[in-house]
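Open the model in your viewer and keep the selection tool at hand.

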Amino acid sequence: MRAVTLIAGDGIGPEVTAAAREILVAAGAPVRFEEVVAGQRAEREQGTPLPQAVFESIERTKLALKGPTQTPFGGDYRVVIECAGPDGKSGKRSYPSIAIALRKELNLFAAMRPVRNYPGVATRFEHVDLIIFRENSEDLYLGRERMVDARTAEAIKIISVDATERVTQFALDCMKRLGRRKLTIVHKANVLKMTDGLFLRTAEDVAKAHPEFTVNQRVVDALCMELVMRPEEFDCLLLPNLYGDIVSDLAAGLVGGLGVTPGANIGPACAIFEAVHGSAPDIAGKDAANPMAMILSAVMLLRYMEEAAAADRIEAALTAVLREKHSVTRDLGGTAGTRAMTGAIIERLGA
Ligand code: NAD
């Protein structure tokens, strides 16, 4: 049994992580969950949304399954880390959100988000099979913002050669492993000539050493247009942090919405698996959340652990439930709740 940290998170997080946990147990996956609390409950009970126990657990397990955590819109909310992180960094550091704090503190420099059609999930497009690689550690998400005066605010965008090189190399390594051939580098270098210019140039330089891949580039706005017209023409996308965040949601919309797209945040020492979606406060606590994105994030975790048999079984059970359409949530056109859909998948695992 491999220990894995479990963070239920906020909003629909506890519902969808419970679903993923039950399904892993039912599939006999060799995983033992070590649950830690982060988010609003931790803030209420422990006075911080991201307690040291979270880092201690992930330092031990190296792997986590995380539900979404909520961040207020606007205001001066910051997640302050006062303890030394697993990488030994000490002193006070502050971040715009829990998710960003975890990615930065744990050096989870790349996000990987597969986006594809699933049988039984009705969408406007067919043959979508994308992998999004998002740089996870810099860009505008460092949260270096300030009010210049009462009517003007500014933010600093950081792009470095080192971070761009490592995420590009990561993307190419994954593509090689997965048999993918075509990488599109996404940028806005026509306007952000230095920052995005550096991202584009650096990514292209890294890719040049790998002539086995076809590499092209797109300006992010043009890419969005092409994705909503001909998504099947794209294979893998490499994006800086902000565009990666936005295009991930757009791409989720191509294949059935945020309820279906999983993700992983990967670093040299550890990895956190979490859905692309947020805490969905509008449907939280209503047994209405689609658990599929979190279940598929758990499947990615199992594949990362090289537990392909359990991963295959879960995916097959999920696919069967999607095909039947009787026990799927409302966002997929059904009437089932989170628990009923989870139960149907578990039943299929036993079939
Ligand atoms: P959201 O992803 O929570 O919700 C957007 C829309 O998609 C909502 O209508 C919601 O009901 C729907 N949706 C999302 N997941 C769903 C699911 N599994 N099943 C069915 N419908 C689903 O985005 P938001 O409303 O912009 O953000 C809410 C909060 O989540 C914010 O505080 C934000 O900061 C946070 N957030 C956290 C993470 C993370 O922890 N990694 C990621 C994104 C957003």
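Select Arg103 first. Not counting residues up to four places away in sequence, Arg103 touches Leu108, Arg113, Arg134, Asn136, Asn265 and Glu274. Contact here means heavy atoms within 4.5 Å. This is a predicted model: local features need pLDDT of at least 70 and side-chain atom pairs pLDDT 80 or more, while totals for chains, interfaces and linings use all residues. Residues are numbered from 1 along each chain as its sequence is written, and side-chain values use heavy atoms, without hydrogens and water.

Stay on Arg103, in helix 4 (residues 98-105). Helices (H or I, at least four residues) and strands (E, at least two) are DSSP runs, numbered from the N terminus. Is Arg103 buried or exposed? Arg103 counts as buried, because its relative accessibility is 10%. The scale: buried is under 20% relative accessible area, exposed is over 50%, and partly exposed is in between (1.4 Å probe, protein chains only).

Now show the polar contacts of this side chain. One goes to the side chain of Glu274, at 2.8 Å. Another reaches the side chain of Asn265, at 3.4 Å. A polar contact is a pair of N or O atoms within 3.5 Å; within protein, one must be able to donate a hydrogen and the other to accept it, and residues adjacent in sequence count only if both atoms are side-chain atoms.

**Next: His277**

Move to the loop between strand 14 (271-273) and helix 9, where His277 sits. His277 is buried because its relative accessibility is 9%. Beyond four places in sequence, His277 touches Ile12, Val16, Pro68, Leu258 and Ala293.

**The ligand**

From His277, step to the ligand. An N or O atom in the His277 side chain is 3.5 Å from a ligand nitrogen atom. Taken alone, the ligand exposes 810 Å², and the protein buries 73% of that. These areas come from the Shrake-Rupley method with a 1.4 Å probe; for residues, only the protein chains shown count as cover.

A polar backbone atom of Thr69 is 2.9 Å from a ligand oxygen atom. A polar side-chain atom of Lys66 lies 3.0 Å from an oxygen atom of the ligand.

Which residues come nearest to the ligand? Of the 22 around it, they are Thr69, Thr71, Gly278, Ala280 and Asp282. A residue is near if one of its heavy atoms lies within 4 Å. Color the shell by class: nine residues are nonpolar, eight polar and five charged.

**The cores**

Select Phe133. Phe133 and Leu237 have the most contacts inside the largest nonpolar core, which has 88 residues. Such a core is a set of buried Ala, Val, Leu, Ile, Met, Phe, Trp, Tyr and Cys residues joined through side-chain atoms within 4.5 Å. Helix 9 (residues 292-304) gives the most to this core, with ten residues. A second, separate core has 20 residues, including Ile7, Val79, Ala101 and Tyr141.

Pick Glu315 in helix 10 (residues 308-324). Glu315 counts as buried because its relative accessible area is 19%. Leaving aside neighbours within four places, Glu315 is in contact with Arg116, Leu296, Val299 and Arg303.

Finish at Glu165, in helix 5 (residues 161-178). Glu165 is partly exposed because its relative accessibility is 37%. Beyond four places in sequence, Glu165 is in contact with Thr202 and Val206.

How values were computed
Nonpolar A, V, L, I, M, F, W, Y, C, P; charged D, E, K, R; others polar.
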